[in-house]
Structures are given as C-alpha cells and as structure tokens.
Amino acid sequence: MTDVPESDVYKLFKKSIENENVHMIGTTVDTGLEWQAVDECKERISPNLHVVKERGKIYFNVTLDQFAKVQEMRSIDNIFLISDVRQFQFSKDNEESDMSLIKDAVNMDMKLEKGLEAWKTVTSFNGKLYPKLEEFEEAEQLHKAEKTIVDDKHSALTTPDVRKGRKRGRDPSISNENEILKYRVTCERTGSHAFESGQVARVIGGELQDKYHWLVDLTMYHLEFVCNVIHNELITCLRVTHESKHRRNILHFGPTTLRATVCYSLIKLANPKQGEIIMDPMCGGGSIPIEAAIAFPNTYVLCGDNHEKAVARTKSNIDGQLVPRSMDLVEWSVSELPLKDSSIDIVVTDMPFGKRSGSMTDNRVLYKKYLAELGRVSKLGTGRLVLLTYDRRSIQLALQVTSSSFKVIKMLGVNMGGLHAAVYVLKRTKFQQYNKEPNKKSSNDAVV
Ligand SMILES: C[S@@+](CC[C@H](N)C(=O)[O-])C[C@H]1O[C@@H](n2cnc3c(N)ncnc32)[C@H](O)[C@@H]1O
C-alpha cells in the first residue's frame, strides 16, 4: 500500500473485509439526489448504517441477508458488490509502470473470491465460477465457433433488449450448471493519468482470465467488472443489476419520461403520509403518479395533463401495470384545475422545462398561473409541493408573485440527462389567497 491518505470508500471497504459475512455495496444514484438515497438506505436497512456519499453514488456495508432490502430500494439505479478497493501511487507519466502496478495487484493481491461468491448467490448464477483449465479450453473453442456463426448472422443471439441497450449482458440466473462464467471488464476513470481507461480494462480482463479461466464476452456476459479509477484509487465493482432500476414502471416512453428513481426521490421529499392526496397535474406519461401509487399504496393519487396524447399514454402505462393501481386521471389545464380550494396534500410535478417540452416564453406565463392555482388547491398550512424544472428564471418570477402562499423549504440542483435542473420543495403557508389573479377563478365545480 501507499502513503496516499485513505478515502472514505477505502475505509469502508477495510471494515467490510474484517467480517466474512459483511459485503460492501455500491449503487449509482441520480446526481443531486444522493441524500434521498442515503435516507432511504437508513430507513430500509438500519438507522445507524454508515453510508458514504459520493457524486452520483453511495456505498455501505451489509450482510447478505440484508441484500433483499437493498434490492427493494427505489431511489437507486444500479447495484454493485464492491469486491476490492485499493490505492496506488501512479506515476502520471509512465503508462507501463502504472499498468504493471495494476497487473500485479490483480494477479497477486486481490482477493475477489468473497465478492464472487456473494455475486453468485444474489444473482442466482448456476454456472461454473472456477472452471478447470481443460474446461475453459474446450468451452473457448465452442464459444469461438458460436461467435463466428452469430457474427455472420448479425448478432442473431443478441436479445432485442440488449440491442436497444436496456439490459446489460445476460441474466445470470438463466444459466446452466455446465456453463462457464462469461465476463467483461469496463473502466470508468476520473482524474489525470498516463493511461487510458481501455488499457485498464484490457489489463485487468487479461489477468482475470489467466487467474479464473473465464470466457470473455463483451455483449452477452453474465458478470461485468466495472473498474472505477478515481485519481489514485481503483474500486473493483461486480455488477448485480441486469437492468437499471429506473425503467421499472413505464411501458410507453415519451420524449420527457422521468426516471422512476427520480420520481421516487421527488415524492419522498414531500414525505407522504397514509390517506393523503398526491397530485401530479402535468403528468406526461404518468411516471410520477405511477411511482406514487406503487411506492405509497396508502395514499390517493390524482393526475392529469392538458395534452390528449399524454393522457392516453398515462392511461396505457397505468393499464400496463402488473398489479392494478387505482388512481384518477383527468384531461385538464393547470391554469384551471377542477378542484376545491385547499383540498390537496401533496403536489409533485415535473414542469415543462422549456428545453424538451414547452418554451421559456410560455413558461413565464404558465408558471405564474400554475403556482397561483396550486396556491388555491393546496391545503392551507400543511400542503407540500415538489416542483422539478430547468427553467429557474420562470419559477423564481412565479414564486415572487405568489410569495404569500409558499415557503421555500429546500432547493436542490439535479442533473437530468445532462441538463442542470432544480427541485423546489415548498410548503403552503396558512394565508388565504385574496388575489386570485392571474387565474380569476374560484372553483366550485370540483371533483375532489
Ligand atoms: C416535462 S413533461 C412531464 C413528463 C412526465 N413527468 C413524464 O415522465 O412523462 C410536462 C408536461 O406538462 C404538460 N403541460 C404543459 N402545459 C400544461 C397545462 N397548461 N396543463 C396541464 N399540463 C400541461 C405537457 O403536456 C407535458 O406532458
């Protein structure tokens, strides 16, 4: 080891290797919503759990019997078992010596077996984790022949889901006991190094093959090693999730479909309680209301949109749920909601960003009307609102106009597919809105 200061991730890993039954987990999280994932982790696993938060990731230690709880988490995307964390003194200018350091570490120092066994258990991989050399040589011949046929047929063996890039590799549980593990290595790198990410992946991949006799398969692998090189640290992760958890609810995707993981964290920011009414009045394809109905089944969910196609898409997505979910869907405009004054507990919305949907000029008017209407329908003194938008200028202007109705509790910056968005958490004040401008409406024709 080196005199590089120990990182929090490294310290956490050292704790995990002290106990045979403890495994370190790493998960990816939507950037900006990491604290939501930390809170969920503590809520589901243990309030005293030590969680290390990094940008877009969280790490923690669990026992294998707690793993089911990790899989139930709704704010995280991909799950990894961390099988090794180590620090190097990379040269910065000598690629060859840096690669030798990594090669020697994999070959001599890395004890991956504990992580591999845990991976086999949690993914239900039935095949051979430690094949003999003869078994590997025989399987490799066969694999090469198969691959030639597949390449000739333009990837006939590749499932449509893999081609669309949704699922990663193949499901390890669909393997037979004679199958030899197929793997691939990828590398993600942060910092300045003398080497490229591809070289790290090739060197680690080669060493692993020599050590364990596995078959390389870049598309239809059972196990992916994701090697994160962060400055002087190498975190070796075994991918557990075959498909990112953010795609779980929606069958009919639209241009602005929000990830289910983000929906969960937004709803959680409002802290829903049993019997409360959760509303998304600009629901697009329904990702927020569907997640609300699944994750908070003791609430009542109401949603709508002014676009007929969005309403139809939400309906198809609700109908596509394996377990029927009861919620109400209405075609409406947010500037005139058919709801009673002070009737809604929680509003969670992904507002038109003005980038992918809506326009910034429209937003100036729309946001003011919308917030005025939300001031009217939200419960006085207790109503909570969580609004996601890219258009900070329009929301700031709308909040100025409606300042007596809302108190800003929190503001978070989040990364939505490369766009910098903001989440506003508001609380409805107990003040009545005397001036109903700009909507000029007092709604008596309510449905709630
Ligand atoms: C960013 S999208 C919501 C996407 C949604 N969260 C999803 O995952 O599919 C914003 C939605 O607001 C709707 N919208 C825009 N103006 C509206 C209005 N005046 N009343 C109701 N909905 C409106 C648009 O039709 C669009 O579906």
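This is a predicted model: local features need pLDDT of at least 70, side-chain atom pairs count only at pLDDT 80 or more; totals for chains, interfaces and linings use all residues.

**Ligand site and a helix pair**

Residues are numbered from 1 along each chain as its sequence is written, and side-chain values use heavy atoms, without hydrogens or water. Local features need pLDDT of at least 70 and side-chain atom pairs count only at pLDDT 80 or more, whereas totals for chains, interfaces and linings use all residues.

**Around the ligand**

- A polar backbone atom of L258 lies 2.7 Å from an oxygen atom of the ligand, a polar contact being a pair of N or O atoms within 3.5 Å.
- In the side chain of S287, an N or O atom is 2.3 Å from an oxygen atom of the ligand, and for a polar side-chain atom of D305 the distance to a ligand oxygen atom is 2.6 Å.
- The protein buries 90% of the 610 Å² that the ligand exposes when taken alone, with areas from the Shrake-Rupley method and a 1.4 Å probe.

**Helices α2 and α9**

- The axes of helix α2 (residues 34-44) and helix α9 (residues 260-269) come within 10 Å and cross at roughly 80 degrees, which means that α2 is roughly perpendicular to α9 (angles of 65 to 115 degrees count as such).
- Q36, E40, E43 and R44 in α2 meet Y264, S265, K268 and L269 in α9, where contact means heavy atoms within 4.5 Å.

Methods. A polar contact is a pair of N or O atoms within 3.5 Å; within protein, one must be able to donate a hydrogen and the other to accept it, and residues adjacent in sequence count only if both atoms are side-chain atoms. Axes are lines fitted to C-alpha atoms, for helices over the stretch in contact, and angles run from 0 to 180 degrees between N-to-C directions. Helices (H or I, at least four residues) and strands (E, at least two) are DSSP runs, numbered from the N terminus. Angles under 35 degrees count as roughly parallel, over 145 as roughly antiparallel, 65 to 115 as roughly perpendicular and the rest as oblique.
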